[in-house]
Each structure stands twice: as C-alpha cells, then as structure tokens.
Amino acid sequence: MKKSLKALKNIELLALFAVSAKAVASGSPSVHRANLQNLLHELSLSLGWARDSLAETNYDRVLAKLSRKTESRGPLLLRSIEGESSVSVRILHYNFARFVVRLSLSRDEIAEDLVRSIPKILQAKPQGLRFLGALCEDVGSKLGLLVEEGNEFFCDYLDKPEKLGLDSMAGLLRVLGRSQDRRVHHTLTCLSPLGLATEINASDVKDLGHAAACIKHVSQLGDIHIRLISALDVDKIGASAMKADYGELPAVAAIMEAIDFRRNELLASMNMATLAAAARRAWAPQFASLVKLLRLMGEQAEDLLIWLDMETLAESVSRASLTRIPVVSELLKLLGERRYELLEYVDFTQLAETVSRMKLTHITPLVEFFKILDSRKELLSTALNIRSFVDMAEKANPAQLVLIPRLRELLGRRYPEFLRELDVRLLAATASTGGPSDLPGIAGLLDSIGFQRHEFLRGLDVGALAAAASSADVGQIDSMAGLPERLGFRRGEFLDALDVGRLAATASAGDSGQLVTVVGLLKVLDYRQDEFLRGLDVGALAAAANSAHAGQFGAVAGLLQSLGFRRGEFLDALDVGRLAATASAGDSGQLVTVVGLLKVLDYRQDEFLRGLDVGALAAAANSADSGQIGSMAGLLEHLRDRRGEFIHEADMSSRATAIRTPSMVIGMAALVKHLGYRWDDFLDSFNIHEIATASSDVRPEQLTEVASLPACLGHRRDEFLRELDVRRLAGTANKEHTGQLGAVTALLKVMGSRRDEFLRNLDIRRVAATASTAHPGQWVTLVGLLKAVQYRRAEFIRELDVRALAASVALASSAQLAAVAGLPKHLDYRREEFLRALDVQALAVMASSVNSGQLVAVAGLLSAVSSRRDEFLDELRIRDLAVRASSAPSGQLAGVAALPGRLGNRRDEFLSDLDVGTLAATASSAHAGQFGAVAGLLQGLGFRRDEFIRALNLVELAATASKASHRQAPVVSSFPKFLAFRQEEFWSYFSGWVP
C-alpha cells in the first residue's frame, strides 16, 4: 500500500489527503462528493502546481481513478449513494486515513502546501472535530507551521472549549502542550482558563479523567495554569467524584493529582465513606489508582483507610495476577497497620497457585511482596508448588541463573526441599554454555545451592567456563573475579584452562575505572599470577592510572600493592605530579583515597608530597562532615614535613567544639593523636550531654559506632554512660537485622554499670526472632550474643526458632562448617532439638566436599552432632576426605590429625585410603611450630603409624628442629618420643641445643 500511495500524482494525493485529513479530525469517514469537489477547487486557487495539473484533468476523473481498483492496488476511496442525487466519498477506514496523512507529508515538494491547506479542509460544524488532536499528532514536526497558518482557527477552539468538549480538548492540548515549537506555545496562550474551568465544573464523573488531562497538559503555561485551577469549583468536582464506581477510581486519582495546590480543598469536600465504598470493590487492575489516591492524600489517607473493607480488598488480592503483584505490594505498604487485617482474609492457597506459575523474570517484585507479608509469608510459601519452581529453575538459560538464588527469599524453610528435587547436573550443563556476562550468576548460584554444590561442580564443564572467562572484553573482565574461589576442588582445573595471556592483554586495555578489575583478577589467579603479571602492559596501566580522578585512587593503590615484581616498573611510569594535582583538587569525601595512595607510593612519596597543594587539601578537610574526620587523621599521619602547613590552614578549634555524634568523636580521637595534642584536653571541651543524646538516637546500622565510643571517651566514659538514654538505645537494638547482631553484643560489653538496664530493656523475643533468621555465616556473632545476654540467656534460647536455624544449614557453604559446629553446645537444653531438626544428609554431603583447610571444621562437626554422629558418618564420603587429607599442606596437618579419632567405626576406612607417603613428605617439611601437629598425626594414624614413620625424612626434620627457638623448645624436645623405633636416628641427625 505504501508503494501504491507513493506512485500517486500530486493532484491525486491532494484529493486523497483532503478526504483523509477531514476523516481523521472528525472521525467521520465520508464526505459529500459535491462538497469535496468545491473544497478541492478552492484549494487549487492557491496552489500553482494544482492549477497546472487541472489543465490536463479534473477532480471528477481524479476521484474516479482513486475509487477504481488497479493491477497493483485496490480502491483507495469508496463511493456511496445516499438518496437519489447525493453521492458520498468514503475513506477505507480510520487508521488508513491516518496513514495517508503521515505518508502524504513525507512528500517534501508539496508537504508544506498540504499543511497550509488543513484549516480550509476542516470546514465542519464546531462540534464535528472530535479528534483534532489526532490530526495534529499526525502532522508531526510540521505542527508549528499548521498552527501558524491556522492561528485564528485554533484560537477559536481554545477560546471556546465548549466547541470541542473535554475529551476532544484533552487530546488537542496533549499534542499542543508537548510541542517545543514557540509558534505552538504562542497559540496556546489563546486558551481561556475561565471557559475551560466552566466546562470542567460542569463535567460528570465519566469526564473527570479528561478534565484532569486538560489541566495537566497546560501545566507549562504558568499563569494560565494557575488561573485555570483557581477558577475550578472544587465542591462540584468533589460531588462528581463521589459518584465514582470502582472502575472510575483512575479518573478520581487523576483529578486529585491535577488540581495541585487546591487538593486539600477537594479532599475536604469529599465524603471518605462514599469514596471507600467504591475503593473497597476495586479489583487488582484498579489497585494502581487506589495506590495513587492514597499517596496523593498524604496524612489524610488515614480518613479513607478507616472506611475500607479489608475483607473485600483481600478477595481481589487473592485473585491478583502476577503482573499485578508490584502494585499489590505498594497497596499493602500504604495500608499501614491495617495491612495485617487484610492479610487475615487473604486466600493464600489461591495466591500460591498464581505465584507457582511465575517465571524467573517475576522474581524481583515477588521478593518485595514476600517481604511485606512479614510473618504471613510462611503461609504462602507452605502452599507453593515446589515442583513448579524446580521445573522453572531447570529451564533457566545462562543469563537467568543469577535469579535462582533469590528463590530462597520466596521459599523460606522450603528451600532445602527445592534443592533436593533440583537436578543440579542440568543446571551445570546450562551454566557451562554461559558467556562472560553470565559468570557472576554462576558464582552466585554456587553460593546458594548448599549441599548440592559438589554435584553441581562435578557436572560443570570447567574448560568451557574458562574459555568464556578468557574471551571477556575489557568491560566484562571483572565478571570472573568471584568464580575461582567458589569452584572448590575444580578451581585448579579452571585456572589451568584460562588463557592468562589473553586476560592480561584485555586488562591492560582498560581505563582508570577498570583498574580495580586488574586488582580483583590478581587476587584470584593464585599460582598463575606471575604469568598474568608478565603479560600485563604496565605502561598502559600507568597511563590509565595517571588519568584517574581522586575517587579512583583506591584502585591505583590496590594495584600498586598487587603488582609484585612489576611494582617498581609501574611506579616509575606514574606521572606523580599529575596525580598530586588531581589529589589537591579532590573534595573532602576523597581524602581517604588520597591517604591510601600516599601509603603505597614508596620512593616516590616525597615527590607526590611536594606536588600537593596542602592549602587546597586543608580547605577540603575544613568542609569534611563528621564521617570524614578519620580521613583527616590518616592524611596528617602521612604528610610528614608538610604537616605543619596543613595544621596551620585547617580549622581544628571549630572541629573540637562541633563534636556531636559518635562517628565525630571516633574520628576526632584519631585526628588529635596525629596533631600531637593531649586527647584529654579535647575531651574536656566536649558537650557529653549532646553526644549522649545523639548516640541514643542513632539508626540501627550506627549501633557499632556507639559501642566503640566509650573506649574513646577516656575519663569522661562514665559521664557518657550516665547520660545515655538506655531504653531508647535498646529500642533501636530491637529493630536491627541479622547483619548487626554483633552490635548488640558489642554494646553489652561496654555498657558497664548500665549493662543490666540495657538488658532489661531489650525485647528478647524480637532479638531472638531476628537471630533465628541468621545464616550460618553469622552464627559466630550469634554465639557471641548468647554469651553476652547473661541472665537472660535461658529466655533468649527459649525464644529462638531452632528449627529455622537448623533449616538454614542446608544453605551453608563448606567454609561455614566451623560456625555450624560451634553453635550446638551454646544452645544448652535445646541442643538436641536443634540436632533433630538438622538435615544430616545434606550436612554430610557438604562436609565431604571441603578443602584440606576445612578438615578441622569437619572434626569439630563430628563432635558437635553427637547424638546423630552415626547418621552423619554413614553419609560421609570417606574416600573424598582421605584425598583432601593426603594433599593437605603442612599448615593444615592439625586438621588431618583431628579427624581419625572422630570417625568412629569408619576410622580404619579413612586410614586405608590415606596416601601416607605424600602425607609423610608434607610432614617432613613442617617448621618447628608445626611439630605438635605432626605429633598429633603420629598418634592418630593407628595401624598405618609405622608406615608413616618409615616414610618420614628425619634428616630434614632434625635440621628444622636444630634451628628451633627457645620458645619452641618444649614442643621440639617432646617430639622424638612419638617416632618410636626411629627416635635414636632422629637424635643422631640433631645438632642444636641439648634438651
């Protein structure tokens, strides 16, 4: 069709354009043929090219041709006979008419003439142009020309809004209002605010949305907009709004938003009970409007909330589709305390059916939704269909693997059930096809699959992953940084397969913002680090570092610390003068990075110091906020002979008198130390009452700072503690999340004589509820808290959800086994309850996949599970443990020694699988401080002890013992007795002190 239209002659296109433009603006597809011919002749009078064309044809022929079908197209116009003598011409359909208008205006040689003809084309009754806005929109970039040519025409409509009606006026103002053309803006000033206000005041509820749109679209007109709103009759509008049904809530919300500074007047005129009657019947599609309404009402939303029927709203929540979940979450937030009332009526079984049909792309809004459900989320997660989540996870593509860990937040206690059903080999196959950008998701997945990690690693194509990591471009190279350390026993295989030279070349091409990536890579490349360093273009890296801004100095410093044998080369290539100039231009927030760089510049530090503008640094320091005072202290420490200049320029006296918050006191303590002043002199100038007041009113994440404060306050510590509002501080501690449990422990240690008061005001139930959600990585902190709560310990343990704690073990990594082993003995009388709830099988699978450095944690775990040790032992892969133990370095022999005695009836199996020769070679290279571990190993090897002793290199051991210090003498002197039949041989090689 587009090709056919482009083939039309200009005179033919004019005729088709006239019919189409009129159809678009009026919505009527037909025009009387006679009237159309008269219009076309009138247009031709002002169009020279049209007059020239009419010398060869006439409009009868043109219209006839457009109405006929040809070989290449169908008819473009339709003829219809109305009565005996009336013939009409019709456009094919409305959307075709809009297409014709847009395409016609792309013919550059006649486009402006066509636009100028539009006001003449629109010779209709005033109320006949319902879609004038749509025509203006189709005119596009030539709108300015149209309103300039038809200024009188448009001003007539804008001055008398009743000619169009609110719906048509809203459409017109929408198009005119968003134009940046000054001609359009000038025409808009013809708008009569009083006339439009009169139309709005008379509007019914069904027109409120159009009324709101009209007000919104003239917001850029300043005085006209204000006069329009001022002329509104808010009582009449409020009365119309009160007639709204739930389907008309969007219109009510829209008018409430549009009315701006008169919103409170409108609210005062509305009956909240009537509005609530409509709102409570809202279905999920109307929730967005209800949310908008509540937000706009501000504090007055409470007046509406008390009238809402929560049971009726809960029915809609129960039936909400997945796409409506975000707005349901917003509604629940705005309901405040009434949220819990609504949740009592929600059908969680029905809602669970909807959630179980989710896709991974829905995960983020669903996580937010679950958070808002608070304690009720267990009801929802219990009703979920785990199999559907398993199927969804197994169908994930590599880019979606990053989303799977978030399922923990939905499934809660059922996550281990999900993991047990999950085919991780299938996930491993998917992960193996991932590209560089998918590697962080794979690393996150490894963190989240707990006891299935070992099986996942076995199914992973590590070579393919290494190839993906090696092919990363400079913007993706940091994607692999977190992966090697999570690959466990396959880490070496991954590192071996990396194209380290290629990675080095890529890393060298980065800019200053990517220097931190090089640092991250160097940390994880382990034994291939030197190879990577040799491949780096240190000159290019130095050039990137020279262009770094002060906020990136931390990355430059990190790189300097990581470059090893190429550090000097990098230092030589640095433009230290340029870096000093950049540092001098930094703000107070960047002082800490300047300090970090100063520390590592070595022999070029003096050159950097000479280039610094100390006055500029002092000015930045003077503007530092309370959290940045510590950075000033670090700067003073490293300014050396320029310290006096800085102190002279910096305003230290005002710092001392402005101390108000815990972080300011802590930072000032470090600062004064480097100023060479007596801290006690500063302490005497502090307003302890203000500091205590600020400390009592901190946020939960600042509790650690408060705990650090007493140690800084010296002789005024007791005064500070007396001034503290302990009840308020305890109230803050009751709100904290698991990441800050350590702050409560720290506070309890420093509260001195007010410790018991703080303990009494702790809501032990809430703190225990928080602690119950701690993951194994936080259990060391939990143990510390169990010790610190003293006389409330029994109460704390009673309130703990030990089953939830036990369930979270399934998510632990092998690195957290020591924390898992350390918790049970501190649970006192609930220890056995905790052990009964443990998934011992999952724990044993995890323990079987540890590295050699974690063997001591496995030994501790064997003791900790006590009553379930036999079950645990049955599930252990003893051979895997023996392989790890055989390859343990000398520093980890203590863990190997601890294992045999804890393995019960599987001890001999473990000993049989040990590579005693390799173990003996490792033990022979032990330093004197490790002789105790070797002795422990000799005691634990049972029937393989003699074999181990025969394989030891006593010459090497004796040489080490001969060089031992006097501090190590007791251990070394008692060591030979464990060598049994080779004891005398050891002494024959010994040449040190006489025991």
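A helix axis here is a line fitted to C-alpha atoms over the stretch in contact, and angles run from 0 to 180 degrees between N-to-C directions. Keep that in mind for the helix pairs below. The model is predicted.

Start with helix H17, residues 249-258, and helix H20, residues 287-297. Their axes lie 8 Å apart. The packing angle is about 30 degrees. Angles under 35 degrees count as roughly parallel, so H17 and H20 are roughly parallel to each other. H17 passes H20 in a left-handed crossing. On the H17 side, the contact is made by Leu249, Pro250, Val252, Ala253, Met256 and Glu257. H20 answers with Ser289, Lys292, Leu293, Leu296 and Met297. Sorted by class, this contact of H17 with H20 has eight nonpolar residues, one polar residue and two charged residues.

Now go towards the start of the chain. Helix H2 covers residues 10-26, and helix H8 covers residues 132-139. Their axes come within 6 Å. They cross at roughly 130 degrees. That angle makes H2 oblique to H8. Ala21, Val24 and Ala25 form the H2 side of the contact. Leu132, Ala134, Leu135 and Asp138 form the H8 side. Six residues of this contact between H2 and H8 are nonpolar, none is polar and one is charged.

The crossing of H13 and H15 is right-handed. From H13 come Pro193, Leu196, Ala197 and Ile200. They meet Ile224, Arg227 and Leu228 of H15. The contact of H13 with H15 divides into six nonpolar residues, no polar ones and one charged.

Rolling a probe the size of a water molecule over the atoms shows where empty space is left. The largest pocket holds about 1600 Å³ of space. Its lining has 44 residues. Nearest the centre of this pocket lie Lys377, Ala769, Ser772, Thr773 and Ala774. Several helices each supply at least two lining residues, among them H24 (338-345), H26 (363-372), H27 (377-383) and H57 (764-771). Helix H29 (407-411) also belongs to that group, as do H30 (415-421) and H60 (802-807). Which helix gives the most to the lining of the largest pocket? H29 does, with four residues. By class, the lining of the largest pocket has 14 nonpolar, 15 polar and 15 charged residues.

Finally, look at the second largest pocket. Its volume is about 540 Å³. The second largest pocket is lined by 22 residues. Glu485, Gly488, Ser814, Asn851 and Gln854 are the closest to its centre. Helices H32 (439-448), H33 (453-459) and H66 (878-886) give two or more residues each to this lining. Seven residues lining the second largest pocket are nonpolar, nine are polar and six are charged.

Terms used:
Residues numbered from 1 in each chain as written. Predicted model: local features only at pLDDT ≥ 70, side-chain atom pairs only at ≥ 80, totals over all residues. Heavy atoms only, no water. Parallel < 35°, antiparallel > 145°, perpendicular 65-115°, else oblique. Left-handed = near helix turned anticlockwise from the far one by under 90°. Contact = heavy atoms within 4.5 Å. Nonpolar A, V, L, I, M, F, W, Y, C, P; charged D, E, K, R; others polar. 1 Å grid on protein atoms, 1.4 Å probe; cavity = no way out; pocket = protein on both sides within 12 Å on 5 of 7 lines; lining within 4 Å. Points joined across faces, edges and corners; volume = space filled by probe spheres on them.
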